[in-house]
Structures are given as structure tokens and as C-alpha cells.
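Good morning, colleagues. Please look at the model on the screen while I go through its aromatic contacts and its sheet.

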Amino acid sequence: MRPSLSLQRSLYRHQHRQIRSTVAGASASFRRYEAEYEKATRTFQRETTLDAVDERVAKADLVYVGDYHTLKAAQTGYLRLAQRALTSKRRVVLALEFVEARHQKLLERFLRGELSEGAFLMRIGHPYRGEFDIWPHFRPIFELAKAHQLEMVAIDRRATGPRSLALRDEAAAEAIAQVARAPDRPLVLVLVGQFHIAPSHLPARVRAALGEARREHLLVYQNADGVYWRLAARGLAGHVDAVELGPDAFALVSASPVVCQRSFLDYVEAERGDAPLDETGLPETFKRLAREIGRVVGVDVRRELPKVGVVTADDLDAFEQLTRRARFSPSERSHLKKHLLTRESAYVPRAKVAWLASLSLNHAAEEAAHFVRHVAAGEAMGKTRLRGEAFWARCLEEALGFFGSKLVNPTRTCTPLDEWVRLFREGSREDRRTAAFVLALSAADRGAPGAAAMLLPLSPLPLFHAVSHALGYLLGEALFRAFEAGAVDRATIKRLFVDPFDDPARTYFELEASLRTGAPAPRPLRPAPPRAAPRARSAA
């Protein structure tokens, strides 16, 4: 297996576990439902083209299109099919899970222009999720319906319990069958969650609801995992737009399973004031952020900008791109690969590459700040340090990264100490362990950094990273507040960005004390004598 494919599969499994933990309580009936979908999309017969799919859609009566709700490419794929369907000269009906059937009258009023967009979304109970809201992905579909006066049918239903999926299929099937059995045989395009369109699910329910009325059904899956992995194993991922699964089933391929998962995780984890980045021109967006942050902190990054690389989960050769740009030992390569699986973005100084685990403005701005820091401090940023020294250096690097992201998104927040107190009492075992160190180190004697060294979480590495990450964010938040209030000037910020952190523990505690008391921030210090401890890197 190629290294890039191996990494993609590992990232897929890791994110799958994250999603499972986020969507807890999946019932046995849900797992069976999911398994039937996976069986239906496990393999395919042949590669095909989008034009071939369009031809089959035009001949069908009922077209079920699978939707991954948080993935813009899924709604764009449906919109494209609907636009092509209009050329068939048949009556086209759009049936969407986005709206519950009980809101059909509201939907019709919205399409007639009698309800504003805001009023419509509020009255159908759409949960607004800031900039990561999915409505903008669906809006063009509604605009198409308005422009061409297309009938639109709401097919969703609220349901809970072990039969919720079956009940939702039954309700959707009745609404779909009602319009599909019309004498003029309209072309009905159904957009519904991907699991629903397996043959034994919604399509079977619609056939039953149609009774004696015979209609031609076509399934159009989108970005099915099984299809993608088979294409990837043959080196065809990114080169094939569609495949034929059988005589009445196709699959469109516009995104990898990793990207689909990431869209969901971005949606549920979105921070206040964050925004999704357009993948088109992402490197230029990153460089623009770096220029702006550099301008504020007094670091000119223009000469180094052409050298920086930006890699995302979309890049099939992400790991190769990273390791081609610098020489890494086997253990360092292993560490990099493990980091790519953590869903944490990173800037890798030696390679001059930003790894963006999320297409989030906050992630991009934070890594752009790390790049600015690298330009300012040079190789001191990524040098090998003793493990205890590396902990405090990482806290400081995290603080500068978070500070930089706050310059771009001032509303971004970090986990405050009172929340760490709650997590220590009520959180998961992992949260309680991290909270214990965060609280202990926050309360440590600030005048005696050596005493705090006894409290450092030097192993395991995930705990080391979690605690230094949390403390760094808290320090970055305090630094930003002081900067906004005028208590810290730009010259001080620049000194921190160029500081080699030769004695990071002392710098950390002096900076923390200065922010707390309003005393002058520390200036760069001379190197301190090394202390015997395990070795680690201060940055990925």
C-alpha cells in the first residue's frame, strides 16, 4: 500500500472514531441500516462519466441522490444534476430532506417570495451554526427552484427511537410517491441522507407507496467510502468523476471520505467567530493571513512567503509533501505521521509547511502565526530541547500562535480555568488527567520555575501536548487582552516573536506574571545551563 493511501486510511479510521464519540448512542437498528448502505456501495462495475450519469437521470422518473449534509460538494453535485435535468424538457420536481414535510406550506410561501430567508429558516427550526452553517450550501438549490418555478417537496419527519429511520423513510416515501404518481410522470430528484438511498431503504418504501404505479428508479450515491477506497487502491482517486455500480445505480466521486468526515467535524467543533475557508486558493489565503499578522507584530515575511507550503487532508500525498521538503529521521517521520492523525493543525519549521487539519479560519491563522514566528526566530523555533525545556517552549509557541489567531478572529476563545475545574470534577478520564496538570501548573509558585518542573507531564506525549496546548492558549489569551488594552505594545510583541526562548521556563513565568500584574514583559535571556531530562521537540 502506498504511504499516502496508508495515511489516508489511518486518518479515516481516526476521524471515524471521533465521529462515533460525537454521535454517541447509535442503536443496533442504526448499525444495521448503515451496514446495508455499505454493502450496496462496497464495489462498482466500471468507471463512467458525468455525462453518462446525466443521460440516465433524464430517462428515470425517480432519482435518489445521496447527501452528506455538511459537505458542500454533495449539495453542489445535486444542484448540477438538477440543472442538467432541466434540459430534458420534463417537469422537474425537487424533493429535499432539508425541510420537514409538516412545513410544506411554509416552503411554498418561501418559494413564492412571501417569506424572507431569515423568517423561513426560523419557522422551520433550522439550527443556525454560525459561518459553518449548512444553509449556504443548500441556498442555490432553492434559488434554482425559484428561478425556474420548480415544485419543491419537503420530505423529512422528526422521529426518535429504534424505528426512527424506518418511520422517516415511510413519511418521505408517501410524500415522494404522491408527486411521482402524477399522470405526466415528472422527473423527481430526491436529495436525502446517504444511508437512506440504499435499495432496501427509501427506494423500497417508495415502490411500496406507489402501489400499481410503475416508475423507473435510479440511485446516485455520492462519495461512497467503498467506491473511493477501491479507486484509490488503483491510483484513480481524483481522476474519476463517476462509476457505475449496477444497471440502476451510479456513484459520483467529488471528495474523499476523509474530507467528508472533516466537514462534519468542522461543523460540530466550530468555534465562535470562526469561518470555513474556500479550498480554492488556500495557499494564497494562508499567505495573506501571514502577511497581515506579520504586519501587526512587526515581522516582514514577504521574502519567505514563496517558500512556505500548505498541506491539507485533501492532498493524497500530504505526508510525502512534508517529508520531501526536509530530511527527517525514521523516528521523526513516525512522530509527524502520528501528529497528522490527531486532527490538530501544525506548522513544521524544518519543512516550512503548514498542515491544516481543518479548513477553518482559526486553524489557518494560528499556523500562519507560527510561520511568522519561524521567520522572526529562525531555527531556534524548531531546535531539539530537553523534555522539560521543550514543555515550556511549546507553551510559549502555542501562546504566540493563539495570539496571532486572535488578531484575525478576536472573538475566538480558549478553555478558561473555571472550565478546567469543571472538567477535573466531571470530565472523561483523559480530561480529568489533563485538567489536573493544567490547574496544578497554573497554581504553581511563579517565582520558582524549578519547583514547577516537578509537576510537568513529561510523558506520555499526548498528555505533554494537551497540557502545554492548554496553558499556551491561556497565556495567548492573556497576551491578546493586554495588547488590546494597550498594556502591551507592538515592540514587546515583536520581542516575543524574535525571542529564541533560551530559558523558556523563566520566560513563561515572567511573561505570565507581567500580564497578571502589569509589569514590563521579559526581554530575551541568555542560554541557561542544560538540565538532564528526556529529549523532545518543541514543535512538530
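How many aromatic pairs does the structure hold? The structure holds 24 aromatic pairs, where rings of Phe, Tyr and Trp (its six-membered ring) pair if their centres lie within 6.5 Å, and planes under 30 degrees apart count as stacked, over 60 as edge-to-face and the rest as tilted. This is a predicted model, in which local features need pLDDT of at least 70 and side-chain atom pairs count only at pLDDT 80 or more, while totals for chains, interfaces and linings use all residues. Residues are numbered from 1 along each chain as its sequence is written, and side-chain values use heavy atoms, with hydrogens and water left out.

Let me take two of these pairs. Phe286 and Phe371 are tilted, with 6.5 Å centre to centre and 55° between the planes. This pair links distant parts of the chain, 85 residues apart: Phe286 belongs to helix H12 (residues 282-297) and Phe371 to helix H15 (residues 361-377). Helices (H or I, at least four residues) and strands (E, at least two) are DSSP runs, numbered from the N terminus. Phe286 and Phe371 are buried, that is, under 20% relative accessible area, with exposed over 50% and partly exposed in between (1.4 Å probe, protein chains only).

Phe402 and Tyr473 also form a tilted pair, at 4.4 Å centre to centre and 35° between the planes.

What is the order of the strands in the open sheet? The order is E1-E7-E8-E6-E2-E5-E3-E4, 8 strands with mixed pairing; two strands pair if DSSP finds at least two bridges between them. Strand E1 (46-48) and strand E4 (151-156) stand at the edges with a single partner strand each, so one side of each is left without a neighbour in the sheet.

Strand E8 (residues 249-252) deserves attention. Strand E6 (residues 217-222) pairs with E8 in the parallel sense over 4 bridges, and Tyr221 has Ala251 as its bridge partner in E8. Strand E7 (residues 242-246) runs antiparallel to E8, also joined by 4 bridges, and the two form a hairpin with 2 residues between them. Within E8, Ala249 and Ala251 point one way, Phe250 and Leu252 the other way, and all are buried. In a regular strand the side chains alternate between the two faces of the sheet.
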